[in-house]
Amino acid sequence: MISRRAFLTRTAGVAALGLTGRNLWAFAPVGAPLVTVYKSPSCGCCAKWVSHLEANGFQTAVHDRDSMDEVKDGLGVPNSVRSCHTAQVNGYLIEGHVPAGDITRLIAERPKVSGLAVPGMPHGTPGMAAPGAPHEPFEVVAFQSSGATQVFARH
């Protein structure tokens, strides 16, 4: 039988987690990379992308911003690769609906780039995929602060 102290401690812990607004079942393992996400408060596809990251083992910290251009300008995201949301992870920028697997590869390989981007909002990307809808092919590009890009992955 569980002790009263253990019951109260566990109940308080679950309640505290609930207050954070996070999905209790989508917690990343301790030590998982933290992705800091900046998005518009009204963007549903961005929230779905965050869920995709969490389901793939990332921790997330989400910041809703009314002016995403100010965020992108401040972080140095080139105009040519901009999309709906911007994130930072392990010193890299992530722009748009980049799949979690590509972010994992970026962190492991540590190329000398500013970040990864999926310019625009192609259907079939994490957060943009609709069940039963056709997926259009898309590319993930590695970019430099100058705006120069090279293909990082094709999906």
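1. Leaving aside its neighbours within four places in sequence, which residues is Arg82 in contact with? The model is a predicted one, and in it Arg82 touches Asp69, Lys72, Asp73, Val77, Glu95, Pro119 and Gly120.

2. Is Arg82 buried or exposed? Its relative accessibility is 19%, and the cut-off for buried is under 20%, so Arg82 counts as buried.

3. Next, the polar partners of this side chain. Arg82 and Asp73 are joined, side chain to side chain, by a polar contact of 2.7 Å. A polar atom of the Arg82 side chain also lies 2.9 Å from the backbone oxygen of Val77.

4. Asp69 comes in as well: its side chain and that of Arg82 meet in a salt bridge, at 3.7 Å from N to O. This pair links distant parts of the chain, with Asp69 in helix H3 and Arg82 in the loop between H3 and S3, 13 residues apart. Taken together, Asp69, Asp73 and Arg82 form a network of salt bridges.

5. Now to the helix itself. H3 covers residues 68–75, and Met68, Val71 and Lys72 are buried there. Why do these three lie on the same side of H3? They cover an arc of only 95 degrees around the axis, which puts them on the same side. On the other side of H3, Glu70, Asp73 and Gly74 are exposed. So Asp73, one of the exposed residues of H3, has a polar contact with Arg82, which counts as buried at 19% relative accessibility.

6. What covers the buried residues of H3? The cover includes strand S1 (34–39), strand S3 (86–89) and strand S4 (92–96).

7. How many salt bridges does the structure hold? There are six. One of them joins Asp64 and Lys39, whose closest N and O atoms are 2.9 Å apart. Here too the pair links distant parts of the chain: Asp64 belongs to strand S2 (residues 59–64) and Lys39 to strand S1, 25 residues apart. Asp64 counts as partly exposed, at 40% relative accessibility, whereas Lys39 is buried with a relative accessible area of 8%.

8. The side chains of Glu109 and Arg105 meet at 3.1 Å, N to O. Both residues are in helix H4 (residues 100–109), four residues apart, which is about one turn of the helix. Glu109 is partly exposed at 49% relative accessibility, and Arg105 is partly exposed at 33%.

9. Finally, the view of the whole chain. The protein chain has four helices and seven strands, in the order α-β-α-β-α-β-β-α-β-β-β from the N terminus on. Of its 155 residues, 39% are buried. Among contacts with a separation of 6 or more, 54% come from residues 24 or more positions apart. The chain exposes about 8,700 Å², and carbon and sulfur atoms supply 56% of that area.

Key: Residues are numbered from 1 along each chain as its sequence is written. This is a predicted model: local features need pLDDT of at least 70, side-chain atom pairs count only at pLDDT 80 or more; totals for chains, interfaces and linings use all residues. Side-chain values use heavy atoms; hydrogens and water are left out. Buried means under 20% relative accessible area, exposed over 50%, partly exposed in between (1.4 Å probe, protein chains only). Helices (H or I, at least four residues) and strands (E, at least two) are DSSP runs, numbered from the N terminus. The arc is that of the directions from the helix axis to the C-beta atoms. Contact means heavy atoms within 4.5 Å. A polar contact is a pair of N or O atoms within 3.5 Å; within protein, one must be able to donate a hydrogen and the other to accept it, and residues adjacent in sequence count only if both atoms are side-chain atoms. A salt bridge is a side-chain nitrogen of Lys or Arg within 4 Å of a carboxyl oxygen of Asp or Glu. Accessible areas come from the Shrake-Rupley method with a 1.4 Å probe; for residues, only the protein chains shown count as cover.
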